Amino acid sequence: MKKMEMEASVLAALAAVIVAFILLVLPHLRKQSLSQDNRRRQLPPGSFGLPVVGQTVGLLRALRANTGEAWLRRWASDTALTAKSSTSFNSMVGRRNIQELVGDDHRRVRAMMVQFLKLDIVRSYVASMDDEVRHHLRAHWDGRTSIAVMPSMKSLTFDIMCTVIFGLGRADHAAVRRELSAEFQQLVRGIWAIPVNLPFTSFGKCLAASRRGRRTVGAIIKEKRAKLESGHSSPSDDLMTHMLAEGLADEEIIDNVMFMMVAAHDTTASLLTFILRHLDGNRDAYGRVVAEQQKVARSKAPGEALSWDDLGKMKYTWSAAMETLRLVPPVFSMLKRAVEDVEFDGHLIPKGWQVLGAMNLTQQDPAIFPEPSRFEPARFESPIPPYSFVAFGGGARLCPGNEFTRVETLVAMHYIVTGFKWKLADGCDGSFPRYPMPSPAQGLLINIEPIDTTTTVAAGISK
């Protein structure tokens, strides 16, 4: 008995030493590890936070409470910074995705994506997007009196992505689309999970879904390679075939397909959801969007699909989308890594440090956007200063799919606005946390009413 008590005492003492080392010694060692030259220069003010986790807990609490901007303002102190994903993100998506690559590798993969998503090719996707949007609204909105917008838009954008980007049509790949959708919804929840890989943890369950999804994508790649080699497909058919033709390794293709699924799915779904939320709260802006879309609708024959020229007539609708992205960017911030020492505002950011780029604060600068919390699409009817709006990134890291997003958004908004009136359902106040992306309460539950196409525009915008 005494021996057991002695062993317990020793273990307790050892645990105390370890905790003391973590709390007292490690922060000191981190500071001492800086070079002599770095110590002569002034580091940014602030605290390292808790050992290992730093300020992560505080940020996650702020995101859940939708007070992230206030948290950033407390800690903000800023080109040799490169994008840096979290451990959880890379575990779910793969480490060879375009966001994680640097230098020649990044330029190579980005050039390949830009080639596939260039304007002339995106123009040819309008009819396919038109078909997917109309099919979705017939299947999920017609005959209903209420709808949860966010889940609906996630389903829609996933279907568009499968058809247009990955060449998985509804008729031939229905089972594969359902399988991918189920695994994708699970793995997305793991992007911000604490990276503890055990079977019962959220991270472990999501990682298992990611592995299953990767196997499904691998099987699709095998099928597309066979079609390409036999001459039954061409590189312009879809992004996967394009990447195969460009000579990317299977693992790199899978990583970038998984990345595109995240980038092209939740972001556009969030944009479409919050456009409806903000238009519901600004009836003047809503009326202008309806009038613009009704004018396009009147120029079309019954059942005729939208064309590229039609999208060019939707300028105010896209301004409303830009203003929505300014106020509620789908990605709250972007993690960067210093690839070399950076001097900013008299402070040193040492090589290897990670920096949180706060796009929310950039896009709510009152010197550029007066009354920055107000929803006003007219802000984007005139040019704005460079890098004051960074929802699509900028410079070498500008999102290669920004034109794809514009087309997808405008096609969806056309059929929603001309087909339905809506208002927030009773008990739905439109509030939302950000974890990891903006997620409105109840999925943004709205009451919907079909629009009789014989009514006037005025009747279409009244409640």
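Reader: Before we start, what counts as contact here?
Author: Contact means heavy atoms within 4.5 Å, and the model we are discussing is a predicted one.

Reader: Then which residues is Asp-310 in contact with, leaving aside its neighbours within four places in sequence?
Author: With those neighbours set aside, Asp-310 is in contact with Val-296, Ser-299, Lys-300 and Ala-305.

Reader: And is Asp-310 buried or exposed?
Author: Asp-310, which is found in helix 15 (residues 308-311), counts as buried because its relative accessibility is 4%, and the cut-off for buried is under 20%.

Reader: What lies 2.9 Å from a polar atom of its side chain?
Author: That is the backbone nitrogen of Ser-307, at 2.9 Å from a polar atom of the Asp-310 side chain.

Reader: Switching to helix 6, which residues are buried there?
Author: His-106, Val-109, Arg-110, Met-112, Met-113 and Phe-116 are buried in helix 6; they cover an arc of only 155 degrees around the axis, so they sit on the same side of the helix.

Reader: What do they pack against, and which residues are exposed on the other side?
Author: The buried residues of helix 6 pack against helix 7 (119-123), helix 9 (149-165), helix 12 (239-245) and helix 13 (250-281), whereas Asp-104 and Arg-107 are exposed on the other side.

Reader: On to strands: which ones pair with strand 8 (residues 445-450), and in what sense?
Author: Strand 2 (residues 146-148) pairs with strand 8 in the antiparallel sense over three bridges, with Ile-446 as the bridge partner of Ile-147. Strand 7 (residues 420-424) also pairs with strand 8 in the antiparallel sense, over five bridges, and there Asn-447 is the bridge partner of Lys-423.

Methods
Residues numbered from 1 in each chain as written. Predicted model: local features only at pLDDT ≥ 70, side-chain atom pairs only at ≥ 80, totals over all residues. Heavy atoms only, no water. Buried < 20%, exposed > 50% of the residue type's maximum accessible area, 1.4 Å probe, protein only. Helix = DSSP H or I, 4+ residues; strand = E, 2+ residues; numbered from the N terminus. Arc of directions from axis to C-beta. Pairing = 2+ DSSP bridges. Polar contact = N/O pair within 3.5 Å; in protein donor to acceptor, adjacent residues only side chain to side chain.
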